[in-house]
Amino acid sequence: MKPKINQNIVENFLIENREAYYRLAYSYVHNKDDALDIVQDAICKALGSSKSLNDPTAIKSWFYRIVVNTSLDFIRKNKRLVYVEDEDLEVLGPSKSDQYEDFDLQQALEKLPTMSKTIITLRFFEDMTFEEIAQILDQNINTVKTRFYTSIRKLRIELDDIAEFH
Amino acid sequence: MKKLYDLKNDYLKVQIPDELEFLVKKSIMKKEKNMKRKRKFLTCTASVAAAAAVFVGTINISPVAAQAMSNVPVLKDLVKVVTFREYHYEDDSHELDIKVPQINGLENSELEDILNDNYIKENEQLYKEFMEQIGNEDNLNEKYFALYTDYEVKTNTDNLLVVANHKTEIAASGYETVHYNNIDKQNKLLITLPSLFKDDSYIELISENIKSQMKEQMKADEDKSYFLENDMTDSFTSIKEDQNFYINSDGKLIISFDEYEVAPGYMGIVEFTIPTNVLQDVLESNYYIK
């Protein structure tokens, strides 16, 4: 009976939180079709291994770990320039002058190593705790924290550089 | 730092495609169906192969072995359920997968004809409704939905054949139902729940037993949940007179509830095995229920 319950909990979670993990997948590939592919792939993996979810209260970090890994796999397999959809170009592009800085920060974020980028994304955009992030990335919590603060410094430095350049 | 929070807004503003919901539900359904099929296939081959190996040696020696053998599909008897017809349809936003079962081998039986006719009619109706709903090529309905039906032989013993008909509809949310036909193979009868009992006191006996099973399960496992609060309007009070049920190969009565009927959606379809000693006093006989 237990696996069946797990299965149902996972299914419910997948349906209820679809927008959140879609956004996470999207943040890696920046286009709709690839993000949907990742979502589909991650769901299959999750349902195939729902037995490995020992503690149903940890379902979020359990599934996000699958999404992150699936996204990274996807990027590795499709090694090419990550492309940006038209609508994003409009938002990020130079049409509004005050968007310039955001665009640079976005660029800086994209330039970070994938693990650092994932940490920033989960911490700031998904409001996850360091502990959850450590579980998702299968890393020591201190490693995650160190990475996080290094990345923050890096982003600032890069921004300062850009400011000087202007 | 503040700029990062602006980035967060961009992140949260990412447009959610309309097809996401459908894709998620479809992926879940597909995976579920594949797993079911895989399991069924594996258990089938394993038991048939094992039975075939010992079959020649034991069948004439021991009557016990012969009887045990009769529970193994394929080697058993001639009554079986096959796929009579399949419907399939798929476009970007709709999917239909219908399997029409057909019962074979209930010799010259009116019951077999009636049941098979019903299976065909019901599924044809579902197919027709589905195709009307999606519209035609010039005027395709843009709402996402899917419909799947499938069948399963739940019990197949010397006396009994139980065919389960599963139906799953996915639209705003997924909804799964199942209906059982309990067939007496010898007497060519369709068994109804009231026909098993002397009078209608079974309704209360079974309901009370289910309630205490629900309580026990919730106590033992906090992941489980049933609608059992006294002050809730839609909480479970009693089974229906003709509640969905089937008899398993051990002769036990299983009461089945559709998704959402007595429990939140994540519990799916729920079943309760009713101990025979609870029912013994009101049972018509022990022919089916043992």
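Visitor: Where do we start with chain A?

Guide: With burial. Buried residues make up 47% of the 166 residues in chain A. Keep in mind that this is a predicted model.

Visitor: How many helices and strands does chain A have?

Guide: Nine helices and zero strands. Along the sequence the pattern reads α-α-α-α-α-α-α-α-α.

Visitor: What share of the contacts in chain A with a separation of 6 or more comes from residues 24 or more positions apart?

Guide: The share is 68%. As for surface, chain A exposes about 8,900 Å². Carbon and sulfur atoms supply 51% of that area.

Visitor: Now chain B. How many helices and strands are there?

Guide: Chain B has six helices and 11 strands. Buried residues account for 44% of its 290 residues.

Visitor: And the contacts and surface of chain B?

Guide: Take contacts between residues at least 6 apart in sequence. In chain B, 59% of these join residues at least 24 apart. The accessible surface of chain B is about 16,100 Å², and 51% of it belongs to carbon and sulfur atoms.

Visitor: How do I read a phi angle?

Guide: Start from the background. Most residues other than glycine have a negative phi. Then look for exceptions. D127(A) is not a glycine, yet it has a positive phi of about 55°.

Visitor: Where does D127(A) lie, and is D127(A) buried or exposed?

Guide: D127(A) sits in the loop between α7 (114-125) and α8 (130-137) of chain A. The cut-off for exposed is over 50% relative accessible area. D127(A) has 51%, so it counts as exposed.

Visitor: Which residue of chain B has a positive phi although it is not a glycine?

Guide: Y260(B) is one, with a phi of about 70°. Its place is the loop between β10 (253-257) and β11 (270-274) of chain B. Y260(B) is partly exposed, because its relative accessibility is 38%.

Visitor: Where is D199(B) found?

Guide: In the loop between β8 (189-190) and α5 (202-220) of chain B. D199(B) has 39% relative accessibility and counts as partly exposed.

Visitor: How do I read a buried residue?

Guide: Check its accessibility, then its contacts. The cut-off for buried is under 20% relative accessible area. N123(B) has 6%, so it is buried. N123(B) belongs to helix α4 (residues 110-134) of chain B.

Visitor: Which residues are in contact with N123(B), leaving aside neighbours within four places in sequence?

Guide: They are I98(B), K99(B), V100(B), P101(B) and T149(B). Sequence separation and distance in space are read side by side. N123(B) and E86(B) are 37 residues apart in sequence. Their C-alpha atoms are 9.5 Å apart in space.

Visitor: Why does T276(B) count as buried?

Guide: Because its relative accessible area is 10%, and buried means under 20%. T276(B) is in helix α6 (residues 276-279) of chain B.

Visitor: What does T276(B) touch, not counting residues up to four places away in sequence?

Guide: T276(B) touches G251(B) and K252(B), and also L283(B), N286(B), I289(B) and K290(B).

How values were computed. Residues numbered from 1 in each chain as written. Chains lettered and ligands numbered in written order. Predicted model: local features only at pLDDT ≥ 70, side-chain atom pairs only at ≥ 80, totals over all residues. Heavy atoms only, no water. Helix = DSSP H or I, 4+ residues; strand = E, 2+ residues; numbered from the N terminus. Buried < 20%, exposed > 50% of the residue type's maximum accessible area, 1.4 Å probe, protein only. Contact = heavy atoms within 4.5 Å. Areas by Shrake-Rupley, 256 points an atom, 1.4 Å probe, with all protein chains shown as cover.
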